[in-house]
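User: I'd like to go through some helix packing with you. Can you put the model up?

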Amino acid sequence: EGGAGEEESFFKDDYGEGLVRFPGTIFGGVRDDYRRRWRHVSSDFTMAWNRKTLSAASVMFLATFCSTVALGSCIARHTEGRIGLSEYLLMNGIAGMAHALLGCQPLLILRPTGPITLILTQLYALSKLVEVDFFTLVAWTGVGVASWMTAIAGLELSRHIAMLSCFAHDVFAVFVSSIYVVDGVVGVVGRFQESAASAVVVPLFALCITLALVSVAFFLTYLRHVSHVLPRSVRFLLSDYALCLATVTATALSYACAEVEVERISIADTDNNWMTVEPTFVGRPWMVPLLTTPNATLAAVAGFLVAIPITVFFYFDQNFSSLLCQSKDMKLTKGAYYDSSFLWMAVFNLIGPLFGLPFVTGSLPHSPQMVRALTNDENDAAPPAPAPTHEKDGEGQDSQEGESVEAGGSNAVDGDGVVVVDVAAAAVCENRVAPFATYALILLSYLVFSDLIQTIPVAAADAVLIFVGLEGIFDTRLWRRLS
């Protein structure tokens with residue numbers, strides 16, 4: 001009975017009166033998203049003056065960067081070097097910064113995900129099967145995906161995700177999070193399988209680095225719940241930077257045994273030229289030719305056909321990510337936005353593949369983790385706030401001003417209709433600076449700070465994948481019910 005009540009409340013608060021607002025016009029949902037978000041344009045930047053901004057940006061940089069590095073290395077192997085880490089980091093950084101500044105929900109983390117890596121792998125296999133250029137096929141697939149996603153955003157079909165139960169949401173979140181755990185474990189096991197019997201010390205030392213990072217990260221993360229150890233402010237500060245401190249510890253440990261060879265992250269061969277941007281596949285132009293490659297017409301037809309199942313998957317992946325990072329439990333004060341984010345994914349998935357870059361979509365478990373990283377310490381254990389109240393605006397629609405006080409804040413609207421956010425009362429430091437800084441660091445790691453990033457051992461990247469995946473599983477309602 002309690003579970004059914006929780007599920008009913010979830011739909012009512014997050015969808016029944018939030019997402020299921022149907023203005024009845026083409027792209028009415030997108031316009032409604034921007035109308036509601038515009039009221040918060042000032043606080044999107046003023047709320048960044050908080051220590052949570054720096055800690056969230058650094059933690060999410062490591063979590064997102066290491067995941068992208070692992071997937072970029074994986075796709076390079078599976079496509080025989082056609083696409084790789086350079087494209088993954090560029091797309092992650094550029095698209096992310098654009099969405100952080102222009103999107104209605106900047107806290108939604110977008111990136112080339114594990115399933116997208118699998119999609120690109122299958123597209124490469126298809127290109128060899130039908131004898132078309134791989135990049136041309138991906139570009140035409142992007143055109144098809146963007147067309148379908150634009151239609152979905154225009155018709156506001158994202159609202160139908162509410163037909164699925166909370167159990168389905170959690171199962172999908174656990175499934176995606178488990179992919180990161182499996183990728184990390186596969187990296188650990190793979191080193192033992194690839195090493196000779198006489199050189200077992202190398203994978204053993206790498207395993208020690210992985211275990212050290214995961215252990216330190218979990219210890220510092222849960223230090224905030226141990227009241228009898230250290231002052232409260234120190235415990236919460238260490239917990240905020242748990243993943244950063246664990247990564248530094250693991251990197252320092254990797255230099256402890258100079259006689260043991262340690263594999264480290266390799267970003268790109270830029271010949272030590274600062275700000276060098278080169279594609280993984282040497283010699284190819286950045287702009288993909290759509291009509292001049294052999295069998296270009298066949299590539300266009302195949303691209304539009306395979307775009308249909310890809311769009312179906314993106315529908316669930318994107319909307320589940322949006323839903324889980326904007327649910328009532330997250331205590332956001334600036335409303336929930338779905339149609340505009342879906343439209344932005346269409347734009348990115350059109351432009352990116354035209355330059356040989358991968359697709360992007362909302363990421364689990366990173367999106368909910370970004371919101372939790374920005375959650376104020378005093379609200380970490382706070383119960384969900386009461387359901388928002390809704391009043392009719394001048395257009396006869398729900399004004400949803402209640403969303404602005406959903407977390408228990410005391411926001412008000414000034415004479416110009418701009419929402420004044422009570423920063424002290426807000427449960428989450430919602431701002432655009434933290435996600436923008438996250439993506440900027442990812443882009444700079446490729447363009448400027450590659451030497452520093454390449455000191456991090458690959459075993460540490462595997463550990464970050466394991467930690468992020470486990471954290472994502474532990475954060476689901478399904479796990480809380482089982483435990």
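User: Which residues of α11 are buried?
Analyst: Ala242, Leu243, Cys244, Ala246, Thr247, Ala250, Thr251 and Ser254 are buried in α11. Buried means under 20% relative accessible area, with exposed over 50% and partly exposed in between (1.4 Å probe, protein chains only). This is a predicted model, where local features need pLDDT of at least 70, side-chain atom pairs count only at pLDDT 80 or more, and totals for chains, interfaces and linings use all residues. Residues are numbered from 1 along each chain as its sequence is written, and side-chain values use heavy atoms, with hydrogens and water left out.

User: What covers the buried residues of α11?
Analyst: The cover includes α4 (51–78), α9 (201–221), α10 (232–240) and α17. Contact means heavy atoms within 4.5 Å. Helices (H or I, at least four residues) and strands (E, at least two) are DSSP runs, numbered from the N terminus.

User: Switching to α8 and α17. At what angle do they pack?
Analyst: About 155°, with the axes of α8 and α17 (residues 458–474) 8 Å apart. Axes are lines fitted to C-alpha atoms, for helices over the stretch in contact, and angles run from 0 to 180 degrees between N-to-C directions. α8 and α17 are therefore roughly antiparallel; the classes are roughly parallel under 35 degrees, roughly antiparallel over 145, roughly perpendicular from 65 to 115, and oblique for the rest.

User: Left-handed or right-handed crossing?
Analyst: α8 passes α17 in a left-handed crossing, meaning that the near helix is turned anticlockwise from the far one by less than a right angle; clockwise would be right-handed.

User: What residue classes are in that contact of α8 with α17?
Analyst: The contact has 11 nonpolar, 6 polar and 3 charged residues. Ala, Val, Leu, Ile, Met, Phe, Trp, Tyr, Cys and Pro count as nonpolar, Asp, Glu, Lys and Arg as charged, and the others, Gly among them, as polar.

User: And how does α8 pack with α12?
Analyst: α8 (residues 166–194) and α12 (residues 296–325) pack at about 105°, axes 11 Å apart, and are therefore roughly perpendicular. On the α8 side the contact is made by Ala168, His169, Phe172 and Ala173, and on the α12 side by Phe313, Phe316, Asp317, Phe320, Leu323 and Leu324.

User: What about α7 with α12?
Analyst: α7 (residues 134–154) and α12 pack at about 45°, with axes 7 Å apart, which makes α7 oblique to α12. The crossing of α7 past α12 is right-handed. Their contact has 18 nonpolar, 5 polar and no charged residues.
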